[in-house]
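Good morning, and thank you for making the time.

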Amino acid sequence: MKSYALVGNPNSGKTTLFNALTGLRQKTANYPGVTVEKRTGRVNLPPVTSDSSRTSAVDTSSPEIQIIDLPGTYSLFWRSPDERLAVDVISGHLDDTPQPEAIVVVVDASNLQRNLYLLTQLIETGRPLVVALTMTDIAERHGHRVDVGALSMALGVPVVPVQGHRNASQRDHGIEQLKRALADARSAIEPDWPLPEPMRLAVSDLAPLVEPCASRACLTPRALAERLLIQGTTDLSRSIVPDLDPTIRDRVEKLRANLIAAGIEPMKEDIEAHYRFIETLASRVLIPTVDLRVRGRPQSLSPREQPATASPASPASLPSTDLRSDRGTLPVSNPSPPDRSIHRSPHRSPTFSERLDKLLLHRVFGLAVFLAVMSCLFISLFYLAAPLQDATEGIVSSLGESVSTILPEGVLKDLWIDGIVAGVGGVLVFVPQIALLFLLLAVLEDSGYLARAAFLMDRLLSAVGLSGKAFVPLLSGFACAIPGIMATRTMESSRDRLRTIFVLPFMSCAARLPVYTLLIGAFFSTYSAFAQGALMLSLYLLGIIAAFVTAWVWKSRSREASSSFMLELPTYKLPRASNVLRVVGRSTGAFIAKAGTIIFALSVILWAMTYWPRLPEQKSAEVAQASRSIWTEAVAAASTGATAEEPDEIVVHGVTTEEELIEKELASAQLRNSIAGRLGRAVEPVIAPLGFDWKMGVGLVGAFAAREVFVSTMGIVYAQGDEENTEPLAAAMLADRYPDGSPVWTPLIAINLLIWFVIAMQCISTVAIVKRETNTWRWPILQLLYMNALAWVLCFVVFQVGSRMF
Amino acid sequence: MSSSLPQAPHLAAQDPKPCEHGCQLPEDLACHAGTCTLDCLGIGRTGSVLDIISSQPDASSNDDVRRRLMEMGLCNGTEVTVVRKSPFGDPIEIRLRGYHLSLRNQQARCVRVRPISA
């Protein structure tokens, strides 16, 4: 199958176009560098007409093709891991991906010059190209329109304006034309870059010599010659042309030395020549829409009349014949300085984004808005989600009850109630909250605000050794550490990236939210909603502080120069409902899938571990007997203590009847005897100094698979033997007592457990992804040890100090 | 630093506001009258890029920050406007070629510009 790669600058609309082309659901957002991995989808091409197949440079016999969506890059000289991936796919250096047949270059019309720079580099690869022109509506709002015919003519490749984000009713916004144009992909006319004369001569001199190596280097001969002059025959270029002849190598070094001696720096000249070419090109293809003066070109076409697709192969579609004279003559034979009015225009009125930024990036209001946005994000997480959560809880429990009435008594029913409903159901309850978090993040990302947040926060983050570019990964970390860690691929500095990955799991992810909610709800429900909110907030802050202190200590211990920071601030865009819902659907779907698979499996396993081995008959009898005697003693004590007054209600270990007491003691003995109980008791010596009992130990062991499993484990542990399952989990935990009658759970223990969950690393998926992203076991293991040791020490201090104070 | 400038008093007279100097250029690239670096251009002011000096004094050809700055469009003659500083003073936001870019003062310091009188 033929494959086509989508290549373009970050935030140029590649992924939106990919969605429109393939219909595949996947994530896009208005933050530079959202796609950090390649994704593929399939497209059925429309039937090939005889005309286009005759002139086609690409064989179109197969109607189905593959589209590869690549991370955005500004240049083929990559600086960050995501850019490297894009470059490797284009040049065919990736083992698992064959070199794409052709490249669809996505060019943002509202930011034409810088987008054309990448295009000029792609021209130099000699690969067949098709240009997809996006954001033409924004360009028009900014006051210019792109003359598609002229652009196509000048480059010698098809150019198709597309509106990837208009769907449904306005389906056909260039997408069908683009599909048809794919068959027409061809290598662009290589311009004669306006280089200084000595360098031009050197390139002409070298090009024929290096021609045999050119196609393997994925460059045209002239481009390879330029590349060698820029980099010399160092290790860097040796990786492109490993088998360069020594005589050519000498020739390269001699020419290069001559250029440098003449005060010509090849790299600078190369880039500037590209931009000179771009400026000339842009001045010809950009037609002002508001400025009435049209510079020396017939503007006969209104946007409506303009052909939707321009292909160099069909000159009939070109707007006017005099454009053809541009071809070939465009680059060099234009000695007059290029018209730079496009980027000069001193009296232009500010765009909407610029006016909005005046407020959103204001030194006072900007920060206030930032704080307000972040607070709203977290507040709405609890207030908006609460009713939804109650509804889900109702559905889950009624479903559990209705099914349990059908099931016969026995192991199966126990499994259903105590294993599946308590485990999976307990986690499903948190779906609304998690969906909401993803929704809010998606809205923020899609609008373009997150790039501003990175801009605002860079100074603070760089002070602790992170960077503004760490902001979006860290924020994503509040949803889940895994996409957050993936998002660090956009960072150029490997030190900054490593540090960000290392501290990112301190961000309280959505999986910790159920634990926080459970414990705060159980132990602090008597406090006001405000106090509960403040406690929740302080948990999030604790994680942030731990991350910052860790990063800061790391930074100050290693003497290093601060790294660079360059971030584009894209135009604000209205978040698109379809796009946002797509993201939410995917993320929530993934969470539900996790609940349905991993958490389901773990719940069953944990349930089995609490169910078997069963307590022997003889042992149960002993426990029952002991309970009865406790009850009798209590009754006797009560009757002697309260003679005259009305008899108090007798409460032993939180229950009020003898049967309940026996049942409870039996369940407890059963759990203690089970595999889980033994496991919990095995870890008890380690966690006892923190104030945790063996039941919490069982929960902590389970939480190592995934944190939210703690809630389901507690559900299973406390539902054991409680046939009706009527007692809410929180109440069951509050009622739990040590044999001496003191409560197992106190607010101090709850706080300590919360601290443990904030700090400790207990997520196998995160360990796996850190291993993958850092390519070594060193970092995930170090992270695991560090975070858990820190959690233990912190909890130890809090419990030891706290229990002496209260 | 500016007192020791050897030449071009006429340039200084021509330009209404020569750089007031936080420019920390290396000795051999000492700030000339009428030129300054992007970090001290002043908010709202526009300059024309002269060149980008290496952030690493030795290996200039492997300086990928310098290359990327040029690739982002900061070439000789490009007009660049300082839009604002972030609330904490760093990074800064600039506008060039019709788009907005933010970079730290550390990188802006590598960009030599000739201020254009507004």
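This is a predicted model: local features need pLDDT of at least 70, side-chain atom pairs count only at pLDDT 80 or more; totals for chains, interfaces and linings use all residues.

Residues are numbered from 1 along each chain as its sequence is written, chains are lettered from A and ligands numbered from 1 in the order in which they are written, and side-chain values use heavy atoms, with hydrogens and water left out.

Let me start with the interface. Here 50 residues of chain A are in contact with 36 residues of chain B, contact meaning heavy atoms within 4.5 Å. The size of an interface is often given as the accessible area lost when the parts come together. Between them, chain A and chain B bury about 4,100 Å², with 55% of it on carbon and sulfur atoms; buried area is the accessible area (1.4 Å probe) that two parts lose on being put together, summed over both. Of the area that chain A buries against chain B, 16% is supplied by A:Met267, A:Phe455 and A:Met566, more than by any other three residues.

B:Arg95 forms a salt bridge with A:Glu354, and their closest N and O atoms are 3.4 Å apart.

Which elements of chain A supply at least two residues each of the side that touches chain B? They are helix 4 (112–123), helix 12 (266–285), helix 13 (341–344), helix 14 (352–360), helix 19 (449–463) and strand 10 (566–568). Helices (H or I, at least four residues) and strands (E, at least two) are DSSP runs, numbered from the N terminus. Helix 19 of chain A gives the largest share of that side, 7 residues.

Strand 10 of chain A also takes part in a sheet. It runs antiparallel to strand 5 (residues 99–103) of chain B, and 3 bridges join the two; strands pair if DSSP finds at least two bridges between them. A:Leu567 has B:Ser102 as its bridge partner, while A:Glu568 stands opposite B:Leu101. The open sheet has 7 strands in the order 10(A)-5(B)-4(B)-3(B)-2(B)-6(B)-1(B), with antiparallel pairing. Its edge strands are strand 10 of chain A and strand 1 (36–37) of chain B, each of which pairs on one side only.

I close with local features. Is B:Asn105 buried or exposed? B:Asn105 counts as buried because its relative accessibility is 13%, where buried means under 20% relative accessible area, exposed over 50%, and partly exposed in between (1.4 Å probe, protein chains only). B:Asn105 lies in helix 3 (residues 105–108) of chain B. Leaving aside neighbours within four places in sequence, B:Asn105 is in contact with B:Asp39, B:Lys85, B:Gly89, B:Asp90 and B:Ile92.

In chain A, helix 1 (residues 14–22) is mostly covered, with 9 of its 9 residues buried. Helix 1 of chain A is followed by A:Gly23, whose phi is positive, near 70°.

Note on methods:
A salt bridge is a side-chain nitrogen of Lys or Arg within 4 Å of a carboxyl oxygen of Asp or Glu.
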